[in-house]
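Here is my note on this structure. Please keep the sequence and the 3D view open as you read.

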Amino acid sequence: MSTCFFDLKLMVQPEHIDILGHVNNVVYVAWMQDVATAHIEALGLGLKEYIELKHAMVAVEHQVQYRKAAMLDDEVILRTWFYDINALYSFRQYAFYRAKDSALLFTGSTKWACIEIATGRPKRMSPTFIQAYQPIDSTLNPFDFSK
């Protein structure tokens, strides 16, 4: 049961930096995918299980907000959590922050749709998915970076 947020730490590498000297905007979107994948793997419902169950979650909509720049060698915490779910969709949020000063760098959300892998058509989520993709506990504040 996913009732809390999930954190993934990384160090900003030279390949993340653009001509302006900070992390490129498309890198943040890639990080959304990276932390979501790491989160589902930690829940025991990763890509291997998707294949076995014959259905998967695919991104259908992203919303992003760039707040502050990340720079080379910054340690960045990628935080994600589920905030809603229904029979066809799960809704995930993200907050990426710099470890040294807890500066909020980026926020975003993704609407994920359940599909049948063989056809690519929408499919109702199995109980396995619904159980794993539960929204964050309402008593938790995912923007409290001291935890």
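Predicted model: local features only at pLDDT ≥ 70, side-chain atom pairs only at ≥ 80, totals over all residues.

1. Residues are numbered from 1 along each chain as its sequence is written, and side-chain values use heavy atoms, with hydrogens and water left out.

2. Start with the largest nonpolar core, which has 30 residues. Such a core is a set of buried Ala, Val, Leu, Ile, Met, Phe, Trp, Tyr and Cys residues joined through side-chain atoms within 4.5 Å. Buried means under 20% relative accessible area, exposed over 50%, partly exposed in between (1.4 Å probe, protein chains only). Trp31, Val76, Phe96 and Tyr133 touch the most other members. The largest share, seven residues, comes from α1. Helices (H or I, at least four residues) and strands (E, at least two) are DSSP runs, numbered from the N terminus.

3. Look at Phe96 next. Beyond its neighbours within four places in sequence, its contacts (heavy atoms within 4.5 Å) include Trp31, Val76 and Phe106.

4. Where does Asp18 lie? Asp18 sits in the loop between β1 (6–11) and α1 (25–42). The side chain of Asp18 reaches the backbone nitrogen of Leu20 at 2.9 Å. Setting aside neighbours within four places in sequence, Asp18 is in contact with Val23 and Asn24.

5. Pro127 belongs to helix α3. Is Pro127 buried or exposed? Pro127 is exposed, with a relative accessible area of 65%. Pro127 and Leu45 are 82 residues apart in sequence and 12 Å apart in space, C-alpha to C-alpha.

Technical notes: Polar contact = N/O pair within 3.5 Å; in protein donor to acceptor, adjacent residues only side chain to side chain.
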